[in-house]
Amino acid sequence: MLSKKVEKALNKQIKIEAESSQFYLAMASWSETQGFNGTAAFLYAHSDEERFHMLKLVKFVNERGGHAITPALEQPPKEFNSLNTIFKNLLEHEMAVTQSINEVVDVCLQEKDYTTHNFMQWYVAEQIEEESLARTIMDKINMIGSDKGGLYLFDRDLETMAGSNESVSVAK
Ligand code: FEO
């Protein structure tokens with residue numbers, strides 16, 4: 001059974017994962033309208049992945065006797081200006097998500113809820129991967145700068161990454 005404090009922390013995390021999914025969906029849509037189809041495919045897949053992160057929490061909360069709340073979401077930005085802006089936003093967002101996962105883990109320890117603590121380790125590991133992927137992409141973008149040919153190849157590379165994302169295939 002979840003304590004009220006842990007249930008509240010998990011519901012907060014449900015909202016954050018849902019917001020991440022919305023945010024990446026908005027980025028995907030903008031990229032598609034700009035002709036960056038590889039980037040769009042990558043971001044659509046990433047948005048699905050965030051929805052999976054949310055659902056995994058929803059199911060856990062309900063299985064443990066709590067009530068997972070479907071959150072209200074704010075409209076994400078419509079315009080992103082450049083791929084650089086997109087991936088800068090994505091990296092900063094993932095860093096904030098890591099911070100919030102750490103806060104949930106902290107509540108679990110305060111409440112001596114070792115079951116939820118154990119469950120949350122999946123998210124801790126996932127954040128290491130997500131941050132590392134976002135940093136790798138950011139490094140590439142910084143290297144390319146505004147070189148059109150470079151951006152074309154980068155976009156094509158992301159399409160391949162979208163197709164080989166393991167977490168997304170697990171989610172389906
Ligand atoms: Fe669910 Fe990208 O953190």
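This is a predicted model: local features need pLDDT of at least 70, side-chain atom pairs count only at pLDDT 80 or more; totals for chains, interfaces and linings use all residues.
**Helix pairs**

Helix α1, residues 4-33, packs against helix α2, residues 37-63, at an angle of about 165°, and the axes of the two helices lie 8 Å apart. Because angles over 145 degrees count as roughly antiparallel, that angle makes α1 roughly antiparallel to α2. The crossing in which α1 passes α2 is left-handed, and the residues of the contact of α1 with α2 divide into 15 nonpolar, ten polar and five charged.

Helix α3, residues 83-110, packs with α4 at an angle of about 160°, and here the axes are 9 Å apart. That arrangement makes α3 roughly antiparallel to α4. The crossing of α3 and α4 is left-handed, and by class their contact has 19 nonpolar, seven polar and five charged residues.

For α4 and α5, the axes come within 10 Å and cross at roughly 160°, which makes α4 roughly antiparallel to α5. In this pair, α4 passes α5 in a right-handed crossing. On the α4 side the contact is made by L133, I137, K140, I141 and I144, while α5 contributes G150, L151, F154, D157, L158 and M161. By class, the contact of α4 with α5 has eight nonpolar, one polar and two charged residues.

| α4 with α5 | eight residues | one residue | two residues |

**The cavity**

Rolling a probe the size of a water molecule over the atoms shows where empty space is left. In this model, the structure holds one cavity of 30 Å³ or more, and about 30 Å³ of space lies in the largest cavity. The residues that line the largest cavity are T136, I137, K140, F154, D157, L158 and M161. The elements that give two or more residues to this lining are α4, residues 114-144, and α5, residues 148-163. Of these, α5 supplies the largest share of the lining, with four residues. Sorted by class, the lining of the largest cavity has four nonpolar, one polar and two charged residues.

The lining can also be read against the contact of α4 with α5. I137 and K140 of α4, together with F154, D157, L158 and M161 of α5, are among the residues that make that contact, and these residues are also among those that line the largest cavity. T136 is likewise one of the lining residues.

Definitions and conventions: Residues are numbered from 1 along each chain as its sequence is written. Side-chain values use heavy atoms; hydrogens and water are left out. On a 1 Å grid over the protein atoms alone, a cavity is a set of points where a 1.4 Å probe fits but cannot get out, and a pocket is an open set with protein on both sides within 12 Å along at least five of seven lines; lining residues have an atom within 4 Å of a point. Grid points are joined across faces, edges and corners, and a volume is the space filled by probe spheres set on the points. Ala, Val, Leu, Ile, Met, Phe, Trp, Tyr, Cys and Pro count as nonpolar, Asp, Glu, Lys and Arg as charged, and the others, Gly among them, as polar. Axes are lines fitted to C-alpha atoms, for helices over the stretch in contact, and angles run from 0 to 180 degrees between N-to-C directions. Angles under 35 degrees count as roughly parallel, over 145 as roughly antiparallel, 65 to 115 as roughly perpendicular and the rest as oblique. A crossing is left-handed if the near helix is turned anticlockwise from the far one by less than a right angle, and right-handed if clockwise. Contact means heavy atoms within 4.5 Å.
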